[in-house]
Amino acid sequence: CVGPGAAAAAALRTFERLLMTAGEHTWGWDGKAVKRKSWTNEALAASRASDPDFITAEQTWREQRAFLRNAVAALPEGAALRRGIESEWRAITGGDAGLAPYTAEGGAVHPVGEEVPCGPDGVTVRIGENG
């Protein structure tokens with residue numbers, strides 16, 4: 001479904017690693033703070049513009065969607081699996097919406113084994129071959 005060779009196998013592992021995050025129900029964020037306030041359109045608009053809980057919620061949703069886009073982008077360009085997913089995605093969205101890899105605000109796809117800085121304290125993360 002992705003082609004022969006070590007590079008295709010590595011691409012499939014990256015695809016699987018990124019895709020697995022979609023099933024995690026909270027995406028690592030506790031959204032209780034936004035469930036009990038801002039029930040009118042006006043209050044919601046104000047909260048989305050200035051309330052840190054709402055701003056964080058929207059950022060986590062963008063990050064979650066990025067995992068899906070980046071999973072597809074990790075597959076080789078001509079791979080049957082990628083073409084099939086992109087075709088279905090276009091059918092759902094009516095175009096190419098959401099297919100481009102997410103690279104804004106440090107959300108780039110990092111290769112397996114690459115050390116990635118996390119925060120201002122010098123902490124780094126590296127994802128190995130086994131996830």
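This is a predicted model: local features need pLDDT of at least 70, side-chain atom pairs count only at pLDDT 80 or more; totals for chains, interfaces and linings use all residues.
Reader: Which pattern does the protein follow when read along the sequence?
Author: Helices here are DSSP runs of H or I with at least four residues, and strands are E runs of at least two, numbered from the N terminus. The secondary structure comes to four helices and two strands. Read along the sequence, they give the pattern α-α-α-α-β-β.

Reader: What percentage of the residues count as buried?
Author: A residue is buried under 20% relative accessible area, exposed over 50% and partly exposed in between (1.4 Å probe, protein chains only). Among the 131 residues of the protein, the buried part is 25%.
One more percentage describes the chain: among contacts (heavy atoms within 4.5 Å) with a separation of 6 or more, residues 24 or more positions apart account for 49%.

Reader: Against which helices do the buried residues of helix 1 pack?
Author: Helix 1 covers residues 6-20, and its 15 residues reach 21 Å from first C-alpha to last, close to the 21 Å expected at 1.5 Å a residue. That expected span is 1.5 Å times one less than the number of residues. Its buried residues are Ala8, Ala11, Thr14, Phe15, Arg17 and Leu18. These pack against helix 3 and helix 4 (80-93).

Reader: Are helix 1 and helix 3 roughly parallel or antiparallel to each other?
Author: Axes are lines fitted to C-alpha atoms, for helices over the stretch in contact, and angles run from 0 to 180 degrees between N-to-C directions. Helix 1 and helix 3 pack at an angle of about 170°, with their axes 8 Å apart. Angles under 35 degrees count as roughly parallel, over 145 as roughly antiparallel, 65 to 115 as roughly perpendicular and the rest as oblique. Helix 1 and helix 3 are therefore roughly antiparallel.

Reader: Into how many nonpolar, polar and charged residues does the contact of helix 1 with helix 3 divide?
Author: Helix 1 and helix 3 pack with their axes 8 Å apart, and the contact is made by Ala11, Thr14, Phe15, Leu18 and Leu19 of helix 1 and Phe67, Leu68, Asn70, Ala71, Val72 and Ala74 of helix 3. Ala, Val, Leu, Ile, Met, Phe, Trp, Tyr, Cys and Pro count as nonpolar, Asp, Glu, Lys and Arg as charged, and the others, Gly among them, as polar. The contact divides into nine nonpolar, two polar and no charged.

Reader: Which helices do the buried residues of helix 3 pack against?
Author: Helix 3 has 23 residues and reaches 32 Å from its first C-alpha to its last, close to the 33 Å expected. Its buried residues include Phe54, Gln64 and Val72. They pack against helix 1, helix 2 and helix 4.

Reader: What angle do helix 2 and helix 3 make where they pack?
Author: Helix 2 (residues 41-50) and helix 3 (residues 52-74) have axes 6 Å apart. Their angle makes them roughly perpendicular to each other. It is about 80°.

Reader: Is Phe54 buried or exposed?
Author: Phe54 is found in helix 3. Not counting residues up to four places away in sequence, Phe54 touches Val34, Lys37, Ser38, Leu44, Ser47 and Arg48. At 8% relative accessibility, Phe54 counts as buried.

Reader: What is phi of Ser38 near?
Author: Ser38 is found in the loop between helix 1 and helix 2, and at 17% relative accessibility Ser38 counts as buried. Its phi is a positive value in a residue other than glycine, near 65°.

Reader: Which residues does Arg126 touch, not counting residues up to four places away in sequence?
Author: Arg126 lies in strand 2 (residues 124-126) and is exposed, with a relative accessible area of 53%. The C-alpha atoms of Arg126 and Glu115, eleven residues apart along the chain, are separated by 4.6 Å. Arg126 touches Gly113, Glu114 and Glu115.

Terms used: Residues are numbered from 1 along each chain as its sequence is written. Side-chain values use heavy atoms; hydrogens and water are left out.
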